[in-house]
Structures are given as structure tokens and as C-alpha cells.
Amino acid sequence: MKKTKYLLFSAVLLASMQSVAQNPINDNPAYSIVGKDSTCQVFIYSPAENQGLHLAYFTDDERWVDVGQLCASDFGPWGSEKKMYRPFVMKANDGTWRALWSVNSRSPQFAVAYSEDLVTWRPQDYPIMKEKGITDVAAYQMDDGTFDIYLKTAKGKRYVHADRNFRTFEEDSLEAAADDILWQRDTATINGKRYEGNDFEIPAVHLDYIRSWHKALAEENRENSRKLPHNEAELQAYLKEKGTELGSGSEVTAQLHVKPQKSYRISDKLIGIFFEDISRAADGGLCAELLQNGDFEYNGEKKGWNATTAWMGVELSPSTGDKNAPARISTENGVSKNNSHFVMVGSTPIYNIGWEGIPIKRGAAYNVGLYARCVDGKKKQLTVALVDKEGLPMAQAKMKIQGTEWGEYKAQLIVTDKYKGDLGDGKDIRFAIIPKGEEKVAVDLVSLMPQDTYKGHGLRKDLAETIAELNPRFVRFPGGCMLHGQGLENIYHWKESVGPQKDRKPARNIWNYHQTRKLGFFEYFQWCEDMGAEPLPVLAAGVPCQNSQPNTDGICGQQGGIPMSEMPQYVQDVLDLVEWANGDPATSKWAKMRADAGHPASFNLKMVGIGNEDLISTDFEKRYLMICKALKEKHPEIEVIGTVGPFHYPSSDYIEGWKIAKENKQWIDAVDEHYYEKPGWFINHQDYYDNYDRKAPKVYLGEYAANGNNELDRALAEGIHLCNVERNADVVEMTSYAPLLCKNGYSNWNPDMIYFDNSEKIRLTESYKMQKMFGQHAGDTYVVSELNLSAALKRYVGTSVVKDSKTGKTWLKVVNALPRTLKLQISGLGDKVVEVKGRSAQVFEL
Ligand code: AHR
């Protein structure tokens, strides 16, 4: 939906609210004007629990006609929740609207929403009550403007007092003495079905406004769904519809006039990367560790995961005392409180299967590391080995273990020419720990790392090099939804990811698999430095993901946020991150930790993100502002990047998020926008950033991608978008395509930029190639140019000219989504004629 349209609607609404609407929207049935004030009757209801709130109006021929959805429930996780039961809608004394509904029978929550015009709704809140299973809701406004809310639960009736803005909700300790009539609704028959709801008389012009909005939305959706023309027939059909003609031929000729005298500064860090541990991007992915569950900390009821996962010859059950019994898992005197599980090796070998195999290169060195202690105090010997499918050792080394305390042991394995077998793809290769006798050795944190990693810092070299070729100017980490987590207990706390591996806290992630945190904040920062990119850590805004599953009390979504009493410590953790990254090890405990890990110099952190596409609820807002304010006050040098929800305009989170950011721009320097859309949306929104307020906080387009089945369509749409973003790179300062990585067979999301498996056969998508073109040909100055082409054809061509002051080079990027070759006559700078094949993109130096 175009912002200009919305502003126009608002203006029309305001200007004509008092006047009489004589001309109801044409092609739908006319509505009845009731009474002298030109009002009409509307009915607000929900057609089904998963269809949200709808509005119907009463026509001249006495029928109710549905206009469409006003808002949908955003409560709890996708799939099982997002339901709306028995909505109750009321108009407040000041003309604004309130809606309430029940969400399910398991949670002690109900939903509330607020709107000024029935079109735009503020993000919802889900107040937490004492009892589960609120079955019905109703509200009444008091003379002072506040509200009395009545709830029905299985146990009785409750009473809640709400402020006039519907922001605070206080439950009374006493049961409500209310008559059932309070919860009674009006009824209406719509399309032959009888519904309960609330009816109202509203000004006719207001109904006109609502209907116009829905009509515009429908038109917009039609245009967003338009497919890119793949061939001449599709192109001609499209042009005919647009009333444009194009003669036959295989080319389109256009002129591009470059105006070097008209240029302006743009961001020099426009193309970055978004890294999230999703689709096995970290463990089993970018992290070069070859063993799986080397810490014995796996757990996950759904997947049947436990401490023995990926191990053979290890059992969970307690020892039987039999000397031939397999190794078993123990938690008595673990290596640390965060890594309590370990294996008690007995007399039989144990094997790790890696990530469905252990890819090994002949002649290459692999470092083995483990923690061990001798339970009975007697010296022991373990052999660590790589074994083939017959169990034959391919490479082996001995480790002498001594002492009853945990100690760290290291060895090196190299499969040399002495091993004559084929290494293949490593699918059948296992890592073995072989005891000498009846060992009784406690073993934990077993690791097998290739010595050859990206810049020697533990990242898989081929993957890291592929990513570095994008020439990213920054890296956002550690997510995505993974950072705000699945419920309060699962919020990613950066402190749990740094320090010695044994003290890091492994955890399930929101994508439902295990993270060792071997790729923690230290490694992320080091990775950025190795690539010459700026670190952009993003921390939760004091709330978990709004789509979180219920906790043990049945509380879903943001679960009320981190309790306010714990927020000061959480805020301190955020401040400590800056200390850890930039502080002086001589004076700062956190900076000393960085130095102890091998990086005494500052990481030169310049920006921090707060929040990840959160629901902009009241719980969120309180915590978010508290963090942003504290961070900016303590570290004015740090750019604070806020969040505006998961979708673009006109989603309620976007609108509210931007409102908060603009009102608090002394604390918030930029906001993180997210959208995943059809290629047609990008084609249809080429002016998306043209009218952004240049004085407002900047934009970080932190997650975006075109979706749909055609990979080339997606990349072309993204490329055209990037041309438009580059033109607006005075306000959009950074972008990152998402997600970056996906391990074949483990997809949590689709599409992704880079697909990989255990081998070095990495699949680069068309989107990768597009990102690389923009990343490698970036500039810091935008040079205005004018493309001479009919409007209908222009939609499918993106051009952008930028100059890089460091190299003095001027780049022209052309994205041609037309199915014909584009012949471009360039004038004004580097005059020449260039050709860009149909459905491709190219860069030229001017
Ligand atoms: O990029 C994949 C996911 O998309 C991210 O985790 C989340 O922020 C968004 O919904």
C-alpha cells in the first residue's frame, strides 16, 4: 500500500467527516443513510476464529455486505494460535475504537486493540490475568474516559480496569458482580449466516473511507501479484494492458542521461550480511567443527535428542556395573555448570558420526581437543582416531590422561597416503575414542577442527570465503528471531556465548535445534574484522519473539517481557557489550575478557541493534525505550538501531514502530525494517523510500528478499529494488538480504542466499550474484541519471550510478528484467552504448 494513498485517505476523511456522502463507492451495493446526520449502519464481527475482525455495512436493499478484514489476531505462535473468539468492539467517547477478544482456553490472557479510524490498528496487547481460559470479554467506558472490562472465565466473572488509552490493565482482586446481559452482542445475517457482533452508526463518509481503503488494498494486491514477463508474448500482453505499444524485435532501446553535476552523498555501507543460526547456518555450517554434540548437551523432546545424539556406543542409562557395558552419560562433577553432561568411557570405544559424516582431506591436519579426568585417580590412555566404515583407523593419536580434575587434552590427526582407502564424501567416516582397558575416564567437549579455517579463526574456509566475496560492509548477528528467542528463557544473552567454550551456555534455538555457542560473540566480531566489515550485534529489546509458544503458565508470545525488576540488569548487560567490545582491558573487566580471548585491541564497535521485528506492544515499548535511552546516554558514540516490526507499511507494527522512533530520535538513530515479498511487490514499490523524511531516523533494511518459485525473478526484483534503494541511500544506510545460509536438507526458511552441504559444492543463487554485484561495485556518492523509456517498460529496468571516492571509479549498474536485450545509449558521462541481455544484470565502469 502506497503511503501517499493513505495520507490522501486521511485528508479526505478529515476534510469531509462533517459533510454528506452522496456518492457511495460505485460498483458495490449502496448503503442506507440513516437519519439527518448522514450516518449509516455497520456491523463489526468475526466470520471465523482465524479470520479476524470484519466490517459489514447495511445496504439500501436491506442486506449486510462484508467489506473485508479490519485486523487479525496476532496472539501467540503461528499455527496453533492467532485466533480471535467473541470479539467485542466499542466506540469510545472521543470517537476512537477499542476491540477485545478471547484468545484460547489455555492462556490467562485476552487481546486488546485500539484504532482511530477502524483502518489502522495499533499493535495488540495481551494483558496477563490470574485465571486461564477467558471465554468472553466486554468493555464499558466510564465518565472519566477509563474503561471497565468484564471477563468471563470457567470459574466465574472478573473485572479489570483499563486506562483511557488501553495501555494498562489492572485486575480487581474481587469477582465481578455482572449480569450476563453485559456480554450480549448484536446479530446480523451475512451471506446467509447469522453472526454475533456489534453494530454502530458511523458517518457515511467514514464508511466511504473504509471501503476506499479496501478497494485500494485489493488493487494493490493485484499489482503486487503481477508476474514478471518471461517472454515476448507475456511482455506484449502486459504492454497491451497498460496501453503501450512496442514493435517487434529482440531489443529495447533507451537513453540514460547521467548528470555528474547532480550528485549527493550516500551511505558507504549499503550492502552487508545478515547472519542467523537458522537452517544449520552455525553448528554444522559456518562453524568448522566436524563433530556433532561433542558437548553431550543435546536435548529436544520433539526430535528425540539427548546427550547421546550423534554418538554410538554411549547410553543414557546408569551403569550396570558390567565391565563390557557401553559408555554412559553422567552429570556428576561436570566440567562446568553450563556443560554438566559428559560421557564416562568404560572399556568399549565410542564413535561420533559428525554432521552425517566427517568430510576429511588427505594430508590435511585436524586438531582434536577434549576435556577429561580419571575417575579413580589412576593414569589412563585414550586413542582418538578417524575410522572408516569397516572400523579401520585412518589416522590416530594417543592421549595420556591423568588426575582426578578436568584437564584439556589435544592431539592432531592427519590421514596420510598410508591409508589406502577412498575418503569419499566422508559420509561413512567416524571419529572414535578408544580406551586401552577398562578405563573409567570422564570425557567432555570433544572437538575435531580442521587446521585450515578462514583466517585461522575456526570458520569453514570455503563458506567464509564465499561470503567474503560479497564484500559486505557490515555483519548483523546473531539473528533474526533466534536472538529474541522462543520465550523469555530462550532470549539470546551475549554473555553466555563468550569466554572459554566450557563456560558458554549451549541452548536450543528458536528453530528447534541445538547451538553449542562455539560460534559466539567473540567469533562473530573476529569474523567481521577478518572480512573488513563492521559488526552489528542485535540484542533483544527485553521481550522474546511474539510468536513464542506458551510457557508453563500458558502465557504466550512476549510473555509479558523480562520482569521490570530484572530490566536494570538486562540494560547493564547491553552496556557491558560495548565495554567488552571497545573497552580498555587495563580498566574494564569485560574488555579484559576480550583480551584474554586473544584480542586486546578494541573491536571498534560502532552500532548496536535493539529488538528484532518485535510486536510493538506496550510491554515491548517500555523495555525498548529503557534500553535505547540507557545505551545512548552512556554511549553517545554508538549508533542505536531500533526496530519497526516484521512487515512494511501499512502494517501496524511498522506504523507504531516508526512513530516511536521519530518521537525518540534522541535515543534511536535508525530503525530496522523487514519484508519478504513477491517479486511484483518490489516492482510495484520502486518509490518506496523516495518520500521518507530525511530528518527522521535512518533506515536499516535488515531483512528482505523476494519470494516465489522463480529464482531469477526473485533476483531481478531484488536488483531493481537495490537500484531504488541506492538512489535513497542518503536515508537507507544499510541493507542485508536474509537469510544468508541454508544447509541442504535442514531448511527452516525458503529462499536463502547460499545453499551448502558437508562438501565444498556450494550453490550460489541468483540472489547471491546480485548481492555480489552491488557489494563489489558500491560507492559513496549517488550520481543522478535519467532513463528515457516508457513508464510501462521502465518498471522492469533498474539503473543506478554511484561513484566511489576512494577509488575514483564510477559504476553503472543495470538490472534488465525485460525479456529483451536492453540497448542503452549513455550520455553525460562515459558516453557509450551498452547492451544488457534480457533478464540479466550487469555493471559498467563509466
Ligand atoms: O530470516 C528468517 C527470519 O525471518 C528471521 O529469523 C526473522 O527475523 C524473520 O521473521
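How far from an oxygen atom of the ligand is an N or O atom in the side chain of E613? In this predicted model, the separation between the ligand oxygen and the E613 side-chain N or O atom is 2.7 Å, and the protein covers 95% of the 280 Å² of accessible area that the ligand has on its own. The ligand is surrounded by 13 residues, of which E276, C481, E613, Y676 and E703 are the closest. Classified by residue type, this shell comprises eight nonpolar, two polar and three charged residues.

Elsewhere in the description, attention turns to a sheet. Seven strands form an open sheet with mixed pairing, arranged in the order β42-β41-β13-β38-β39-β40-β43. Because β42 (832-836) and β43 (840-845) stand at the edges with a single partner strand each, one side of each is left without a neighbour in the sheet. From one strand to the next, the twist averages 25°.

Within this sheet, strand β38 (residues 781-788) runs antiparallel to strand β39 (residues 797-804), and the two are joined by three bridges; V783 stands opposite V801 of β39. Helix α14, which spans residues 766-776, lies across β40 (809-816) and β43, and its direction makes an angle of about 155° with β40.

Technical notes
Residues numbered from 1 in each chain as written. Predicted model: local features only at pLDDT ≥ 70, side-chain atom pairs only at ≥ 80, totals over all residues. Heavy atoms only, no water. Near = heavy atom within 4 Å. Polar contact = N/O pair within 3.5 Å; in protein donor to acceptor, adjacent residues only side chain to side chain. Areas by Shrake-Rupley, 256 points an atom, 1.4 Å probe, with all protein chains shown as cover. Nonpolar A, V, L, I, M, F, W, Y, C, P; charged D, E, K, R; others polar. Pairing = 2+ DSSP bridges. Helix = DSSP H or I, 4+ residues; strand = E, 2+ residues; numbered from the N terminus. Axes fitted to C-alpha atoms, helices over the stretch in contact; angles between N-to-C directions. Contact = heavy atoms within 4.5 Å.
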